Protein chains: 4
Amino acid sequence: MSTPSTPTFGIGMVGYAFMGRAHSQAWRNARSFFDAPATPHLAAVAGRNEAAAAETARRFGWESVETDWRRLLDRDDIDVIDICTPGDTHAEIATAALQAGKHVLCEKPLANSVAEAELMVEAANTAQAQGIQSMVGFTYRRVPAIAYARNLVAEGRLGRILHVRGHYLQDWLTDPTSPLTWRLQKERAGSGALGDIGAHIVDLAQFVTGEQLVGVAARTETFVRERPLGGTPSVTSLGGTAAGDSATQLGPVTVDDAAIFVSQLTGGALAVFEATRFATGRKNAIRLEVNGTRGSVAFDFEDMNVLHVYDADAPTRDAGFTRVLVTEETHPYVAAWWPPGHVLGYEHSFTHQAVDFLTALAEGTAPRPGFADGLQVQRVLSAVEDSAGRSGSWSSIADVSAQAGVR
Amino acid sequence: MSTPSTPTFGIGMVGYAFMGRAHSQAWRNARSFFDAPATPHLAAVAGRNEAAAAETARRFGWESVETDWRRLLDRDDIDVIDICTPGDTHAEIATAALQAGKHVLCEKPLANSVAEAELMVEAANTAQAQGIQSMVGFTYRRVPAIAYARNLVAEGRLGRILHVRGHYLQDWLTDPTSPLTWRLQKERAGSGALGDIGAHIVDLAQFVTGEQLVGVAARTETFVRERPLGGTPSVTSLGGTAAGDSATQLGPVTVDDAAIFVSQLTGGALAVFEATRFATGRKNAIRLEVNGTRGSVAFDFEDMNVLHVYDADAPTRDAGFTRVLVTEETHPYVAAWWPPGHVLGYEHSFTHQAVDFLTALAEGTAPRPGFADGLQVQRVLSAVEDSAGRSGSWSSIADVSAQAGVR
Amino acid sequence: MSTPSTPTFGIGMVGYAFMGRAHSQAWRNARSFFDAPATPHLAAVAGRNEAAAAETARRFGWESVETDWRRLLDRDDIDVIDICTPGDTHAEIATAALQAGKHVLCEKPLANSVAEAELMVEAANTAQAQGIQSMVGFTYRRVPAIAYARNLVAEGRLGRILHVRGHYLQDWLTDPTSPLTWRLQKERAGSGALGDIGAHIVDLAQFVTGEQLVGVAARTETFVRERPLGGTPSVTSLGGTAAGDSATQLGPVTVDDAAIFVSQLTGGALAVFEATRFATGRKNAIRLEVNGTRGSVAFDFEDMNVLHVYDADAPTRDAGFTRVLVTEETHPYVAAWWPPGHVLGYEHSFTHQAVDFLTALAEGTAPRPGFADGLQVQRVLSAVEDSAGRSGSWSSIADVSAQAGVR
Amino acid sequence: MSTPSTPTFGIGMVGYAFMGRAHSQAWRNARSFFDAPATPHLAAVAGRNEAAAAETARRFGWESVETDWRRLLDRDDIDVIDICTPGDTHAEIATAALQAGKHVLCEKPLANSVAEAELMVEAANTAQAQGIQSMVGFTYRRVPAIAYARNLVAEGRLGRILHVRGHYLQDWLTDPTSPLTWRLQKERAGSGALGDIGAHIVDLAQFVTGEQLVGVAARTETFVRERPLGGTPSVTSLGGTAAGDSATQLGPVTVDDAAIFVSQLTGGALAVFEATRFATGRKNAIRLEVNGTRGSVAFDFEDMNVLHVYDADAPTRDAGFTRVLVTEETHPYVAAWWPPGHVLGYEHSFTHQAVDFLTALAEGTAPRPGFADGLQVQRVLSAVEDSAGRSGSWSSIADVSAQAGVR
């Protein structure tokens, strides 16, 4: 399907569940709706559960299946390793892949600790000197409304940033009988709501404002400390079902259920953040509001095709938040899809990510967000845990960075 | 990709533009996200513009290209004709395909006149006796929020229906320099806003309530009567751009820009309808509200993942419209996609349509909405034109039916 | 409380219930929050039920009580007759008051028939030659958001008007045991939803656009045709409670429960209207949307401090409906009340009406909307009834006017 | 106007500006719309600016004017001192009034420091032993939607409280030329956004949940540190205008412009708070969301007649936030006003407060929120300042209380 001028990149995807399906669709769409300057070839999907991996292969057209991700690194027909596994495996897979000369797209959070993330950045820097690229999957940056918000800030339309409020609200753990899956185990997931969804809202806040958090004062809480063992996650839910008899046995939840923190940005703005799986009634409410001296933007993922924009330069009489339906050809990514008013959904951002990544590969440029961006978010998460562990005392991100001796 | 127990159906699609792309993605997704009991094989796409058809084939994986749709009827590897062309071609293609023993999925409106639609129903009835199925593409029925609304009515949760208000509001023609494309020519499109988008809102009202319109009193208007010639529609817009020099030449708009009508349903409910391409600021606002003695539902496609539901049985103190985010596993079609709160977009309904159609083929049952449903909508559109042509006098749908001597 | 330069006008109010309380508060507030150039003196409230009238007098500071409204006309300390009674009494009281040289503020609808309304206009014209003013109480014109919408249209900000949709939705009659009060009796109320709330939405549409309806095609319906007798309306509800034993006896509802109609404005715009007391879940949803070539406005009284404004001149990327919170000093009427964001409620518009009326009296100018405006609305209502009585045939407002031989 | 069984209470109000007008209207309405069991007599308004006080007296019917509030304490016809002045005067006036045997209604915040507030509580306790009552004016508790939210929590409908998010967002200081009024001077106002609006959101959170904050980690910021001198506040705005020449001279802003803090409630819930006058585009957005194990409530004062309620006991398919229009007779305070859907405004809550206060006086019971409630809020504000002064370190409210040695 590639044209003479269009190079082909063989993709090897590790993981086949929720994220695996989203990425599969993205690779497939990249040349259907967009004219990406590189063609992805769905070479192989890797997973320890061969049947499950084969099922994803069948559904999305992956050419082959591997049961060990290391096999992907040996294959010449594979140029890109796409990591869709839990966070505890990211560092090992990514560094091995980069050393093997494969480009890497890694799901967020980059790693389960700052130390791991730092090693990954090191590997990425080394690889990049040889033209090997890497990227971390903060896909929400590529929701058209968010990309549009970033453009407004970059153009100076909001002026100096004064306030950020970022909430990522889910409620799928409110039910105390929801099982103890890997997302609730520190050794697999690194942290709970903080790393899984807090990472997104921190990245979005930093991406849209173009600034960074300088420190945090935080509280975290685990509301339900024991849950039924034996649950297996379903591909279409975050929770899954507790398996058979074992549902009567309980195991300890070792991650946070919710995290809240106040912060300040490099430019002086005040920021509040919240990540929780216990906001009863909120399903996937990624809410970001940014107020600046000249204007504001407000976003809620439950209404993801809309950005509310306030222009403080408008006459008082006519000023207000404008509900922009971000489905016009003039909006980022939108022209490739449908006519105005024909809204996009959750998975479209993954296609945008695939297209942008392929474009960077074809052009030999560094895609963003890179591993360094992922590390910076990791440091914020670490500072949150540090502050929460010291009863909410201020934890400076600079301190974390200094201790780490990186950059 | 088919399994032993899963039959494969070869698809031949006629048309490759806006609808062609939506249908292509739908066929491809049917077995990726859903477990449709039949596998579609993307055998051929037909279009007079070979390069354009080939481009769509390349993008979505169609195996071959034909420049004459009649060729599709001769091919043994094709079981289904999928009609994605303008309305003036539907009757000819559909009847020929049915006579050739091909199943037919036909975009709406079914035809450009009641007479054509009647012939198509006749052909469909004849074909069905031989196990050949047909369906008309009122895809919005398969937006999960709409399907959920229908379920609520069918369960009696709204009681007796009292009111319907259906508005389909767009604004892409407000600009008087928007060119004169086929959608604005009576001989191609049959009618303007009425047939293109009014058809949808009439179908939705009848589908959700389970009732039919008994008559209408209508007004239509063409606000801009001449437009630049030579425009070509773009695949991602409804309007397109006026071509070169010819932009200075004007041609007559021969269809309605907007249509409004009052109606009454078979159960006595009062209904107001509006279809317009001149509702400045509304991009694709398909709004349907149904009030019954026991409750109400309200929908707006610009926020398509939400249904607002009012339960009149609730205590007065606690009653109100509940904003149901229709992204739960318990909602129609949703379980196949993503976790709760991960919203769907415009094209997902086409996948639902493809899956339902394939299921009907596999099971040998008649898919809905069938051609008879399409004819009924055509009769409403005809009554609207009749009433508008007689200064808004009441036009009974029964009369139209009687004149036609059908059913 | 009057200052040397501020004349005082004695007010005599007829009626003491729902509207009587709203008007009482308005007169009292006119000089508290505003600097009306005339001081209202709450001289007397008249009502056949002396105790009830006295109760309203006590609550709001009316100086005296009369049991016969004719007594008010004889009193020298009364300059203004404020008519807050059901529609069947308006013509008699208003014409007598005008002939007695009293200014008149009359609640809507102006009368129960075109003929009565024409007599009232005649009386108003005669009186005005002697400097006696009259006004009809379409208070919603003075909701700040509506007055602001009117200003936008008058300034040309919406361009040529293309579409109007006006819905007045209530649901207090959905309950079939709600009693048969005067509002449901043709001889008292003239009509049902049509005259009570349809009158408002017609007036608002004409006021905001500055145009008039040229004709209608309509349907009306009475969903519940018999109701319990003996109900008495409560001052704080529209429905009231069926009294004692008589609740078991049923009487006929002789007015419409709902009315819908399509129309066209003098400038060519298409308009749909709906007035109903059966829109389950909608309590007082006065919805008005106006689309023009350059912009749009949308209003819903359930969120009365907000006007949604669309500016089609904005770049496509940044265009959308702006939610203007109409609480700024630069908005009509607002500066007299509270700081920005401190919202107003239902009754504030009555104060605005009182202030505007007093201002006109002080300045000797004709207040708007005058009786002629009320008559024009009455003609629309009459045309709706005429069309509905002829199965939805088009009824021209001009024809009604011609038959009436007035103006 | 009092009836035999209805005692009359003479009111002496100190202050005549924004709050003075709101309270005046409230006293006047208490017996117009409600049947308060006591009649307020508007005896005197006190203010150093005699002309301004006289103007408020004229507008709202106060019988007399005093230029020294101490004179009110000597008058036998005055039973209640209503304190509507800046916070630096509260302690002195309130304690003197209580000692003089006058009931006291005091605007919030109770005082400018914990120490002052403690003295006031002491005075209130002493007075109460003699049947003298006191109350602090957290009026937003009496917005019907808030009172309804409180009822839902008290009934257990939300289960155990897990999350609170409270934001009070204004933007009137975003303009750097807005003058330096008393609200921006620490010696007059005590604090900035924190005490003025943060106090409200803290009180609301504690009132609705029935729990208290146990500590905070906070950041505050003063974005604009110098402003034009000489401004005088207008009665209808919070900002005012900088006066003449002096507008060119700048003075220091000595209070916070914004405060953010994380907290935890006595029951373990996580809470985030934010009070700012720099949230560009937000005029008076008092937002409170409470999530519990069984349900949630969400409120925004910019749409003050609405409470969004989530019932987690509903079937997943039908669950969602219900938009309850809090205008039914079954809602708190509403029955006294208008029919359903006829919305209330900002000042109505002041009438509710007046009625509740008068009822407590008539019944000889302690009105809520009392001075102790005000002190508790003061302690929270103090802890916020303490934490912000120590770079966001956790400040326990209990510690503050212990230091203070009270209760």
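How many bridges join strand β2 (residues 39-46) of chain B to β3(B), and in which sense do the two pair? The answer is in point 2, after a word on the model.

1. **Ground rules.** This is a predicted model, in which local features need pLDDT of at least 70 and side-chain atom pairs count only at pLDDT 80 or more, while totals for chains, interfaces and linings use all residues. Residues are numbered from 1 along each chain as its sequence is written, chains are lettered from A and ligands numbered from 1 in the order in which they are written, and side-chain values use heavy atoms, with hydrogens and water left out.

2. **The sheet in chain B.** Strand β2 and β3(B) pair in the parallel sense over 3 bridges. Two strands count as paired if DSSP finds at least two bridges between them, and a strand is a DSSP run of E with at least two residues, while a helix is a run of H or I with at least four, both numbered from the N terminus. One of the bridges has B:Val45 facing its partner B:Val65 in β3(B).

3. A:Ile11 has A:Leu42 in β2(A) as its bridge partner.

4. **Aromatic pairs.** Over all chains, a search of the whole structure finds 60 aromatic pairs. Rings of Phe, Tyr and Trp (its six-membered ring) pair if their centres lie within 6.5 Å; planes under 30 degrees apart are stacked, over 60 edge-to-face, and the rest tilted. B:Phe18 and B:Tyr346 make a tilted pair, because their ring centres are 6.1 Å apart and their planes at 35°. B:Phe18 lies in helix α1 (residues 18-29) of chain B and B:Tyr346 in the loop between β16 (321-325) and α9 (348-363) of chain B, so the pair ties together parts that are 328 residues apart in sequence. B:Phe18 and B:Tyr346 are both buried, where buried means under 20% relative accessible area, exposed over 50%, and partly exposed in between (1.4 Å probe, protein chains only).

5. **A stacked pair in chain D.** D:Phe261 and D:Phe273 are stacked, at 5.1 Å centre to centre with 20° between the planes. D:Phe261 sits in strand β11 (residues 258-265) of chain D and D:Phe273 in strand β12 (residues 270-276) of chain D, so this pair links parts 12 residues apart in sequence. Both D:Phe261 and D:Phe273 are buried.

6. **Charges over rings.** Have a look at chains B and C together. The charged end of B:Arg282 sits over the ring of C:Phe321, 3.8 Å from its centre, and C:Arg282 lies over the face of B:Phe321, at 3.8 Å from the ring centre. This label needs NZ of Lys or CZ of Arg within 6 Å of the ring centre and within 35 degrees of the ring normal.

7. **Two buried residues in chain D.** D:Val224 is in the loop between β8 (213-221) and β9 (226-228) of chain D and counts as buried at 15% relative accessibility. Leaving aside neighbours within four places in sequence, D:Val224 is in contact (heavy atoms within 4.5 Å) with D:Pro176, D:Val253, D:Asp257 and D:Phe278. D:Glu328, in the loop between β16 (321-325) and α9 (348-363) of chain D, is buried with a relative accessible area of 9%. Not counting residues up to four places away in sequence, D:Glu328 touches B:Thr316, C:Lys283, D:Val334 and D:Pro340.
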